[in-house]
Amino acid sequence: MLHPPHQPLPVAVVPPQRAPAREDEAGPWHAEAVCRRDEAGLFFAPSKEPTAARLAREEAAKRVCARCPVMVDCREHALLQPEPYGVWGGLTAAERRVVLARRRRREVELRKSSATERIARAG
Ligand code: SF4
């Protein structure tokens, strides 16, 4: 059973929302997920959660992620799906959007620079 490591949640505990995906859907990493039984409801926001409570809950979830042996796999899964809600792989939904935006910019830059190289070689 997961509990916030240092303090009780400042919001009402909600039922678990992280439905365990089937292993063939999420990959073998899912079986080792520390949050597999998220009774404390750390990873997803209850409705109408105040900002301070959300920040505290997300930090508690991130602390759980930090000791999870499958954090990298989980993070990539959440980025590739992409998962729109909750803390996955130590990142909030907003942080994942930033990572995805950076990746898209990097891909565009790489495409531009390889096109420029092809033109220079042909030229
Ligand atoms: S990294 Fe975090 S969200 Fe992902 S499986 Fe581990 S504890 Fe769960």
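1. UniProt annotations may be inferred rather than shown by experiment, and feature names are shortened. Keep that in mind for the site discussed below. The model itself is predicted.

2. Start with the record. The unreviewed UniProt entry lists Cys35, Cys65, Cys68 and Cys74 under "binding site".

3. Next, the ligand. Which residues come nearest to the ligand? Of the 14 residues around it, the nearest are Ala33, Cys35, Cys65, Cys68 and Cys74. Two elements give two or more residues each to this shell: α2 (51-66) and α3 (71-80).

4. What is the make-up of the shell by class? The shell around the ligand has 12 nonpolar residues and two polar ones. It has no charged residues.

5. Is Cys35 buried or exposed? Cys35 has 22 C-beta neighbours inside 10 Å, and the cut-off for buried is 20 or more, so Cys35 counts as buried.

6. Cys65 lies in helix α2. Cys65 also counts as buried, because it has 22 C-beta neighbours inside 10 Å. Leaving out residues up to four places away in sequence, Cys65 touches Met71, Val87, Gly89 and Gly90.

7. Now the fold. How many helices and strands does the protein chain have? There are four helices and zero strands. Along the sequence the pattern reads α-α-α-α.

8. Buried residues make up 20% of the 123 residues in the protein chain. Cys35 and Cys65 count as buried. Among contacts with a separation of 6 or more, 60% join residues 24 or more positions apart.

9. Last, the largest nonpolar core. It holds 15 residues, and Leu42, Ala61, Val64 and Val87 touch the most other members. The elements that give two or more residues to this core are α2 and α3. Helix α2 gives the most, with four residues. Val87, one of the core residues with the most contacts to other members, is touched by Cys65.

Technical notes: Residues numbered from 1 in each chain as written. Predicted model: local features only at pLDDT ≥ 70, side-chain atom pairs only at ≥ 80, totals over all residues. Near = placed C-beta within 6 Å. Nonpolar A, V, L, I, M, F, W, Y, C, P; charged D, E, K, R; others polar. Buried ≥ 20, exposed ≤ 12 C-beta atoms within 10 Å, placed from the backbone. Contact = placed C-beta atoms within 7 Å. Core = buried A, V, L, I, M, F, W, Y, C linked by C-beta atoms within 7 Å.
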